[in-house]
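Me: Please take a close look at one part of this structure for me, and walk me through it in one go. I would like the geometry spelled out, with the cut-offs behind each term.

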Amino acid sequence: MHTPFAFDRRHVTPPGRSPVVWGAPFAHRDGHLRARCNTVRMRGAYHLLDRPLPADRGAAIDALDEVLHRPELALTLELAEGGCLVVDDRRILHGRTTYQDHDDPGRRRCLVRVMAHAG
């Protein structure tokens, strides 16, 4: 998990750039372990590359999924209406359960992505 894997980044890719990026799921930077563990995007990248997911990569992703879904490793919290959660994707692995959005467009979930780029 310290070698580069392909990731589907269509949701944040600027026009004209490749929707697939390569990066290690786990990397040490500035004395900290950084994580990139969206296994759905890891698997999806190979569809975009129009090639099969290598068996060893698939097994590694399956093992990662198994660990990520262990209930004893999860912390569950519920946001109240109007609540805000800020997460650094490289420091905290996170997910969400399904939810039903409000019928009123003015009261629907607001998701804002803040992207930091190394310069």
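Reply: Happy to! A residue is called buried under 20% relative accessible area, exposed over 50% and partly exposed in between (1.4 Å probe, protein chains only). By that scale, aspartate 30 is exposed, because its relative accessible area is 61%. This is a predicted model, so local features need pLDDT of at least 70 and side-chain atom pairs count only at pLDDT 80 or more, while totals for chains, interfaces and linings use all residues. Residues are numbered from 1 along each chain as its sequence is written, and side-chain values use heavy atoms, leaving out hydrogens and water.

Aspartate 30 lies in the loop between β3 (26-29) and β4 (32-35); helices (H or I, at least four residues) and strands (E, at least two) are DSSP runs numbered from the N terminus. Its backbone stands out: phi is positive, about 55 degrees, although aspartate 30 is not a glycine. Most residues other than glycine have a negative phi. Aspartate 50 also has a positive phi, near 55 degrees, without being a glycine. That residue sits in the loop between α1 and α2, and aspartate 50 counts as exposed because its relative accessible area is 70%.

The loop of aspartate 50 brings us to the helices on either side of it. Helix α1 spans residues 39-48 and helix α2 residues 55-68; their axes come within 10 Å and cross at roughly 160 degrees (axes are lines fitted to C-alpha atoms over the stretch in contact, with angles from 0 to 180 degrees between N-to-C directions). Therefore α1 and α2 are roughly antiparallel, a label for angles over 145 degrees. From α1, Thr39, Met42, Arg43 and Tyr46 make the contact, and from α2 it is Arg57, Ile61, Asp62, Leu64, Asp65 and Leu68, where contact means heavy atoms within 4.5 Å.

For cysteine 84, the nearest cysteine sulfur is that of cysteine 110, 9.1 Å away. Cysteine 110 is likewise in no disulfide. Cysteine 84 counts as exposed, because its relative accessibility is 65%, and cysteine 110 is exposed too, at 68%.

How values were computed
Angles under 35 degrees count as roughly parallel, over 145 as roughly antiparallel, 65 to 115 as roughly perpendicular and the rest as oblique. A disulfide is a pair of cysteine sulfur atoms within 2.5 Å.
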